[in-house]
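Here's a look at the holes, the core and the ring pairs in this protein. Have the sequence and the model open as you read.

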Amino acid sequence: MGGTGDKLIKRHSDSMSHLQVVWKSGPFLLNQLDAAARSLWSELQIRMQTDDTGNPSGVVALQGVTGAGKTTFVRALGKSIGLDGDAVSPTFGLVQCYRKGDWQLFHLDLYRLNDESEAWDLGLTEYFDSDALCLVEWPEQAPGLLPNHSFLLQVIVHGAHDSGARELILSHS
């Protein structure tokens, strides 16, 4: 800990201290990520507004240190629910879109934003107004951008980044 990303996470965590934990995966190894993703998907279907086929819509902020596995989690989630295409990091393009029939999942990565005003200028909030699920990496870069009813998914690393256990913690107001 101690890098710039860690400071951003601390600042963002402080601003979201009103949230209550609503689900925990418990520690798991990376080779068990698919099962954790399926379990979280079921929880999102219960806790979020869904379409006629049970696909949730809303915003989930993904929080974790660099290398925690945020994009790897999105890839596992997409695979487990049958999304078209393999999730890749949207760091350079800011947003990736995946489809499952008419339903969409937007994967946003705000890491390269200079400040929150840049996110507003790019119109990123328009994604949040859609009937899609928006997974937002590095929400710390623009904490005022996310809707008040957003969920927070913390990706915690226990041990070494390459081999340590992970834990997912979902919170909501």
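The largest cavity takes up about 50 Å³. A search of the whole structure turns up one cavity of 30 Å³ or more. Here a cavity is a set of points on a 1 Å grid over the protein atoms alone where a 1.4 Å probe fits but cannot get out, and lining residues have an atom within 4 Å of a point. Volume is the space filled by probe spheres set on the points, with grid points joined across faces, edges and corners. Before going further: this is a predicted model, where local features need pLDDT of at least 70 and side-chain atom pairs count only at pLDDT 80 or more, while totals for chains, interfaces and linings use all residues. Residues are numbered from 1 along each chain as its sequence is written, and side-chain values use heavy atoms, with hydrogens and water left out.

So who lines the largest cavity? The residues are F28, L30, L33, A68, G69, T72, F73, V155, R166 and L168. By class that gives seven nonpolar, two polar and one charged. The classes are simple: Ala, Val, Leu, Ile, Met, Phe, Trp, Tyr, Cys and Pro are nonpolar, Asp, Glu, Lys and Arg are charged, and the others, Gly among them, are polar. Two elements, α3 (70-81) and β8 (165-172), each put at least two residues into this lining. Element names come from DSSP runs numbered from the N terminus, with helices (H or I) of at least four residues and strands (E) of at least two.

Now for the open space. The largest pocket holds about 220 Å³, a pocket being an open set of points with protein on both sides within 12 Å along at least five of seven lines. Its lining has 14 residues, and D51, N55, D102, W103 and D131 lie nearest the centre. β2 (49-50) and β5 (103-109) are the elements that give two or more residues to the lining of this pocket. The lining splits into two nonpolar, seven polar and five charged residues.

On to the overall layout. The protein has five helices and eight strands, and along the sequence they run α-β-α-β-β-α-β-β-α-α-β-β-β. It has 173 residues, of which 50% count as buried (buried is under 20% relative accessible area, exposed over 50%, partly exposed in between, using a 1.4 Å probe and protein chains only).

In soluble globular proteins, nonpolar side chains tend to be buried together. In this model the largest nonpolar core has 28 residues, and V60, F73, L105, L133, L135, L153 and L168 have the most contacts inside it. Such a core is a set of buried Ala, Val, Leu, Ile, Met, Phe, Trp, Tyr and Cys residues joined through side-chain atoms within 4.5 Å. The elements that supply two or more residues to this core are α2, β3 (56-63), α3, β5, β6 (133-137), β7 (151-158) and β8. α2 gives the largest share, six residues. F73 and L168 turn up in the cavity lining too.

How many aromatic pairs are there? The search finds three. Rings of Phe, Tyr and Trp (its six-membered ring) pair if their centres lie within 6.5 Å, and planes under 30 degrees apart count as stacked, over 60 as edge-to-face and the rest as tilted. Two of the pairs look like this:

| Pair | Centre distance | Plane angle | Type |
|---|---|---|---|
| W41 and W103 | 5.6 Å | 80° | edge-to-face |
| F106 and Y127 | 4.7 Å | 65° | edge-to-face |

W41 sits in helix α2 (residues 33-47) and W103 in strand β5, so this pair ties together parts 62 residues apart in sequence. W41 is buried at 7% relative accessibility, and W103 is buried at 4%. With F106 in strand β5 and Y127 in helix α5 (residues 125-128), the other pair ties together parts 21 residues apart in sequence. F106 is buried at 8%, whereas Y127 is partly exposed at 26%.

Last, the cysteines. The disulfide count is zero, a disulfide being a pair of cysteine sulfur atoms within 2.5 Å. C97 is partly exposed at 36% relative accessibility, while C134 is buried at 0%.
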